[in-house]
Amino acid sequence: MTTPEPRDGSGARTSAAAVLERCDELAGHTSAPDGLIERVYLSPEHTAVNALAAGWMRDAGMATWQDAAGNQCGRLEGATPGLPALLLGSHLDTVPSAGRYDGILGVLTGIAVVERIAASGRALPFALEVVAFGDEEGTRFGTALLGSRALAGTWLDAWWELTDEAGATLHDAFLAFGLDPAAITAAARTSNDFVGYLETHIEQGPLLEERALPLGIVSSIAGARRFQITITGRAGHSGTPWTHRRDALAGASEAIVAIERLARDADLIATVGHLEVFPDAVNVIAGLAEFSLDLRGRFDADRDDVWQQIEALLEEICAARGLHVAVHQTHSAPAAHCSDRLRAVIAAGISAAGIRAGAAEEAEPLELLSMAGHDAMAIAHLTEIGMLFVRCAGGVSHHPDESVTEADVARALDAFEATVLALADALPAQAPQPEGPA
């Protein structure tokens with residue numbers, strides 16, 4: 001653990017403008033050309049942004065360490081050293097051609113709020129920790145929430161054999177990054193370490209904007225399952241008669257449209273974001289088609305019921321066309337409920353910050369279901385979770401056009417700080433825990 005360096009006491013670093021400048025600085029660490037953003041787990045870009053985050057954490061008064069999974073962490077002690085912590089955080093990795101706020105804004109908001117509280121001199125009945133998770137998106141290895149699952153103690157040894165596009169295994173990537181795969185359990189924390197988890201995140205949807213509201217409260221996070229689906233037929237000349245064709249792409253296309261219909265009818269979200277065909281020639285019938293499926297729902301039982309319908313329909317379509325289908329699940333995360341207690345303190349924080357909650361001044365803040373997944377889903381295994389949503393222009397996310405306003409970020413900073421203080425006011429003093437992370 002690295003001890004904090006002396007701070008200059010400046011409040012300029014905790015302003016909305018400073019947070020947005022830091023978002024811009026992190027956006028410069030990318031493996032993509034032409035100004036696009038892509039930053040994946042255990043990459044040189046990951047190393048660079050961890051170093052930046054660690055410096056900002058130390059400026060905020062925190063002791064810092066990088067854990068055994070490559071998550072960057074910082075801690076500010078409470079009234080008594082060794083107290084359980086309120087964990088604040090999000091992730092620094094991105095999807096390809098990403099925006100600059102998804103995840104990143106949450107990490108930087110957490111750091112800024114810790115610095116504000118440290119500068120105030122107020123002793124809290126809990127420690128404050130900030131975590132910048134190294135992998136939430138799953139871009140490199142296809143399985144999401146690797147960073148937060150490691151911290152939550154739910155890491156699976158089967159993941160070591162996951163490979164990236166270059167054929168490198170997750171095990172090899174750990175070694176190349178300077179991490180020891182055998183030490184992964186050292187990243188795991190326990191429920192006794194924390195009093196709760198709070199995350200600020202852009203909404204990734206249009207509802208706040210449609211209601212002219214800057215902030216909202218997440219009620220729960222939809223459960224998600226991801227699959228790789230492979231349909232195998234027989235490649236052949238494009239002149240082959242219809243009766244002799246075994247067109248894998250035609251079967252996949254029919255399946256994708258059917259998946260959309262089933263999900264729409266059940267009020268679920270289904271996304272096919274990847275499709276690849278072989279041999280991929282203009283005058284050759286596709287002998288094989290691979291596509292991804294990301295299936296999400298408010299309730300796990302409803303989602304799983306629709307998946308069973310999809311599986312049956314895949315078999316039916318392929319049998320009728322003389323094709324074979326194989327399915328591999330790459331990710332599963334249960335729906336996560338944000339606790340009543342933390343939703344209440346977020347509402348109190350929004351109110352204390354003087355932010356309009358609704359159409360009328362006395363209205364309660366808007367509560368929203370998050371169809372997007374978040375690190376909070378993994379951390380719910382350890383402790384209560386709560387999330388503050390920030391308005392996102394047009395609801396656009398996972399895209400270079402992702403945008404927030406400085407005014408909304410200022411409101412989010414004030415509300416998040418007030419939320420932490422509201423929780424402190426509501427909690428009795430905590431007993432110190434045994435020695436914390438090193």
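Mentor: The protein averages a pLDDT of 93, and 94% of the residues score at least 70, where pLDDT is the predictor's confidence in each residue, from 0 to 100. This is a predicted model, so local features need pLDDT of at least 70 and side-chain atom pairs count only at pLDDT 80 or more, while totals for chains, interfaces and linings use all residues. Residues are numbered from 1 along each chain as its sequence is written, and side-chain values use heavy atoms, with hydrogens and water left out.

Trainee: Where does pLDDT stay under 50?

Mentor: That applies to residues 5-10, for which the model has eleven contacts beyond four places in sequence, a contact being heavy atoms within 4.5 Å.

Trainee: Which residues of H7 are buried, and what puts them on the same side?

Mentor: Buried means under 20% relative accessible area, exposed over 50%, and partly exposed in between, with a 1.4 Å probe and protein chains only. The buried residues of H7 are Ala248, Gly251, Ala252, Ala255, Ala258, Ile259, Leu262 and Ala263. Because they cover an arc of only 130° around the axis, they lie on the same side of H7; the arc is that of the directions from the helix axis to the C-beta atoms. The face turned away from this buried side carries the exposed residues Val257, Arg264 and Asp265.

Trainee: Why is Asp294 called buried?

Mentor: Asp294, which is found in strand E12, has 13% relative accessibility and therefore counts as buried. Its side chain is joined to that of Arg296 by a polar contact of 2.7 Å.

Trainee: How many disulfides does a search of the whole structure find?

Mentor: The search finds zero, a disulfide being a pair of cysteine sulfur atoms within 2.5 Å. Cys338 is in no disulfide, since the nearest cysteine sulfur, that of Cys392, is 18 Å away. At 0% relative accessibility, Cys338 counts as buried.

How values were computed. Helix = DSSP H or I, 4+ residues; strand = E, 2+ residues; numbered from the N terminus. Polar contact = N/O pair within 3.5 Å; in protein donor to acceptor, adjacent residues only side chain to side chain.
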